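Student: I would like to go through this structure with you step by step, beginning with a single residue and ending with the whole chain. Could we look at it together?

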Amino acid sequence: TAGLLIAILFPTAWYWRLLAVALQLLLVSAIVWRLTPRVPGLQHRLIVVRVAGWCSGYMLAWGCGALILYLLAQPFSQTPLDLMTVLRLTCVSGVVNLLFQILPISLLFRDLTLLALLGPFMSSPQAIVVIFALRLVSNICELLSSWILMAVVRLFPAPPAAMSAPTDQTL
């Protein structure tokens, strides 16, 4: 998904964009193909729906993250900072986070990348404040979303599983 966003947003030749989008869709389709249950008539439709759902969900999440970063960074910016630039910065730092995701300190690499990318727009102490505020806002949003999900689960519990008949076998 990050490859799709970067291919769409960065000014490159159209054939490189097309190649990046095609490779990204091929990779996601291959992953979904392996994870999709083998139902003969539904498999192709399920793949398209799952790929579209995951891609749109990630693009929406990264877009919302970029909007939050834009709202936090705009007051500190010494040079004009537009939303497309912030979306590019968010995508690049997100790709770095995905590359180092196997490490326990992957968010540190994301924040350091964001600090370096915000350098042309503001001083380092201001960028550190913006990144700290971004981390604080994201943690608060995650807490709120988990509380909302927990409330929904409590309000609408899942139906009880069918009880199996007890067996007379003893060990």
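Student: Where does serine 77 lie?

Tutor: This is a predicted model, in which local features need pLDDT of at least 70 and side-chain atom pairs count only at pLDDT 80 or more, while totals for chains, interfaces and linings use all residues. Residues are numbered from 1 along each chain as its sequence is written, and side-chain values use heavy atoms, with hydrogens and water left out. Taking helices as DSSP runs of H or I with at least four residues, and strands as runs of E with at least two, numbered from the N terminus, serine 77 lies in the loop between H3 and H4.

Student: Is serine 77 buried or exposed?

Tutor: Buried means under 20% relative accessible area, exposed over 50%, and partly exposed in between, with a 1.4 Å probe and protein chains only. Serine 77 has a relative accessible area of 16%, so this residue counts as buried.

Student: Which residues does serine 77 touch, not counting residues up to four places away in sequence?

Tutor: Contact here means heavy atoms within 4.5 Å. With residues up to four places away in sequence left out, the partners of serine 77 are Phe121 and Met122.

Student: How far from cysteine 141 is the nearest cysteine sulfur?

Tutor: A disulfide is a pair of cysteine sulfur atoms within 2.5 Å, and a search of the whole structure finds zero of them. Cysteine 141 is accordingly in no disulfide, and the nearest cysteine sulfur belongs to cysteine 64, at 9.4 Å.

Student: Is phenylalanine 100 buried or partly exposed?

Tutor: Phenylalanine 100 is found in the loop between H4 and helix H5 (106–117). Its relative accessible area is 32%, and therefore phenylalanine 100 is partly exposed.

Student: How many helices does the secondary structure of the protein come to?

Tutor: From the N terminus on, the elements run α-α-α-α-α-α. The secondary structure has zero strands, and the number of helices is six.
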